[in-house]
Amino acid sequence: MKHEWRKKEKGIYVPGNAPEIVEIPAYRFFTVSGEGDPNSEQFGEYIGVLYSLSYGVKMSPKKGMAPDGFHDYTVYPLEGVWDLREEARKDSAAGFSKEDLVFTMMIRQPDFVDESFAMRILGEMARKKPHPLLDQVRFETLEEGKCVQMLHLGSYDSEPESFRRMEEFAAGKGLTRLSKTHREIYLSDPGKVASDKLKTVLRFRVE
């Protein structure tokens with residue numbers, strides 16, 4: 001049976017539009033890091049590389065290279081962990097430019113993808129569709145642990161209001177946000193969906 005994350009993993013990927021506490025276990029990802037304005041043409045290259053690798057995994061049976069335990073599934077959504085350059089973080093109270101952003105973009109992989117198979121997919125991609133960013137791609141196991149998350153509806157530029165609500169919720173539960181670093185999970189394609197209807201999961205770690 002096909003694994004569809006929207007149905008099988010609602011608690012992780014389809015939260016409500018009110019803040020909630022969630023425990024995020026360890027997952028495996030293809031990741032690539034960079035910095036600068038996410039509206040730039042270069043940023044699209046990071047996303048393209050991750051999707052190429054992810055669909056390389058999904059289509060591997062058609063190439064006769066499916067790993068043990070392979071089962072059909074829906075490719076997981078694009079995610080991003082966002083921070084600011086050190087200099088901008090010091091002066092963040094005065095605002096910041098999108099050029100100051102630092103990011104790690106990623107797409108989760110099914111549990112049957114281990115490091116050996118991930119490296120095989122990377123090698124195949126480098127051979128068939130070479131791209132300079134492939135040298136920067138990592139295969140990582142990441143665990144977030146206890147977090148506060150919610151669904152943000154609307155433009156990326158209006159996210160601060162949702163983060164304010166999340167921080168107030170966390171404080172009310174006696175929890176502290178660990179850092180200004182946060183994760184975004186993109187449930188909508190900004191090229192196909194109006195900005196006021198974009199759906200983005202927002203999440204940050206707490207203790």
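**Strand S4 and its partners**

Modeller: Happy to! Strand S6 covers residues 199–205, and seven bridges join S4 to S6, the two running antiparallel. Strands count as paired here if DSSP finds at least two bridges between them. S4 itself spans residues 138–153 and also pairs with strand S1, residues 20–35, in the antiparallel sense over eleven bridges. In S4, Val148 is the residue opposite Ile21.

A word on what you are looking at: this is a predicted model, where local features need pLDDT of at least 70 and side-chain atom pairs count only at pLDDT 80 or more, while totals for chains, interfaces and linings use all residues. Residues are numbered from 1 along each chain as its sequence is written, and side-chain values use heavy atoms, leaving out hydrogens and water.

Now for the setting of these strands. The chain has six helices and six strands, which are DSSP runs numbered from the N terminus (helices H or I, at least four residues; strands E, at least two). From the N terminus on, their order is α-α-β-α-β-α-β-α-β-α-β-β. The chain's radius of gyration is 18 Å, close to the 17 Å that the globule rule gives for 207 residues, so it is as compact as a globular protein of that length. That radius is taken over C-alpha atoms, and the rule is 2.2 Å times the number of residues to the power 0.38. Along the principal axes, the C-alpha atoms fill a box of roughly 50 × 35 × 35 Å.
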